[in-house]
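Let's take a look at a protein and the ligand it holds. Have the sequence and the 3D view ready, and follow along as we go.

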Amino acid sequence: MAEILPVGEAMERALALLEGGDVVAIPTETVYGLAGDATNGVGVARIFEAKGRPRFNPLIAHVADLAMAERIAIFDPMSKRLAEMFWPGPLTLVLPQQAGNGIHPLVTAGLDTIALRMPRGFGGELIARLGRPLAAPSANSSGKISATTAQAVAADLGAKIQLVVDGGATPVGLESTIVKVEGGTVRLLRPGGIAAADIEAAVGTKLLRGAISGIEAPGMLASHYAPGASVRLNAQSVAEGEALLAFGGDRADGWQAAVALLNLSASGDLREAASNLFAHLQELDRSGAATIAVEPIPVDGLGEAINDRLFRAAAPRDKVGRAP
Ligand code: TXA
Ligand code: MG
């Protein structure tokens, strides 16, 4: 079973594991990441192994500072501006790779671009101490809900990894926003912890939307972020035996009959809702309900990313869900 150490006591042990080509679960401001040395093929392979992740899905390389980022990728004035405005923070930039950057090809699944992000807090310090970038997908089994607490990481991956660094509940609660910067344009590949409108305000132009090719649709359209229960969106009423994921002050009809009820934000605050999303889904899933009904959530601001994750959680599964 993985050891859980608080951030204040975990640095040396985390460094030793990474130096040895092993993986470590770490807190970031978005969600917990399962980190390995991005220049070490064994470390990167262990990430895929622990997650049970399809090899073609590329990983984000996390950096400590802009100098490290510029050794890995080619920045144009637009990407430099975005990095300066939003790093450290929940923004991932997909950029052309710098030749000979030492990043193991498993990280990028052989693409000539790379996804880069500079996390806040323990992750940033760890990368600076290691002196090398960390590849880190969200610390959950492939297709499952991203972990926002050390306990959720341990419950899912504890048998497969040695160390979970405990930084408490992650403040943002949603993965980073991913944009691809190319020829002076910025394309939104995945809505996330920074609202698209905030990026548009910063760069002064509209974001392009939609993937260019299959691999550029992060998370893919198939079932993703999937709890054991099935998920029913925009619920106006609650059916017999359902759990209810609520939002705001008005309840869906028949809410009194819900087998479990959690509110993402009673005051209708989308930031609070984002930070509660994954933990609430997991807790409602533990109620054993066959279906989680979800009240409508507005799509503005962080609501875009929240709805994106819920849409994927509700997508048809290749596996049959929990038996009634
Ligand atoms: O907040 C986050 O972004 C978290 C924390 C741990 O940093 N990480 C995270 O990683 O969500 P992951 O691996 O679950 O999602 C990364 C996404 C994948 O869906 C992948 O397809 C996309 O980034 N991606 C990575 N490299 C890419 C590239 N070169 N071009 C397009 N998409 C890329
Ligand atoms: Mg993930």
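Start with Thr30: an N or O atom in its side chain sits 2.6 Å from an oxygen atom of ligand 1. That makes it a polar contact, because the term stands for a pair of N or O atoms within 3.5 Å. Here it is next to two others of the kind:

| Side chain (N or O atom) | Distance to an oxygen atom of ligand 1 |
|---|---|
| Thr30 | 2.6 Å |
| Asn57 | 2.7 Å |
| Ser138 | 3.3 Å |

How much of ligand 1 does the protein cover? It covers 98% of the 680 Å² of accessible area that the ligand has on its own (areas from the Shrake-Rupley method with a 1.4 Å probe).

A quick word on the background: this is a predicted model, where local features need pLDDT of at least 70, side-chain atom pairs count only at pLDDT 80 or more, and totals for chains, interfaces and linings use all residues. Residues are numbered from 1 along each chain as written, chains are lettered from A and ligands numbered from 1 in the order written, and side-chain values use heavy atoms, leaving out hydrogens and water.

Now for the shell around ligand 1. β4 (60–62), β6 (113–117) and β10 (185–190) are the elements that each give two or more residues to it; strands are DSSP runs (E, at least two residues), numbered from the N terminus. The largest share, four residues, comes from β6.

Notes:
A polar contact is a pair of N or O atoms within 3.5 Å; within protein, one must be able to donate a hydrogen and the other to accept it, and residues adjacent in sequence count only if both atoms are side-chain atoms.
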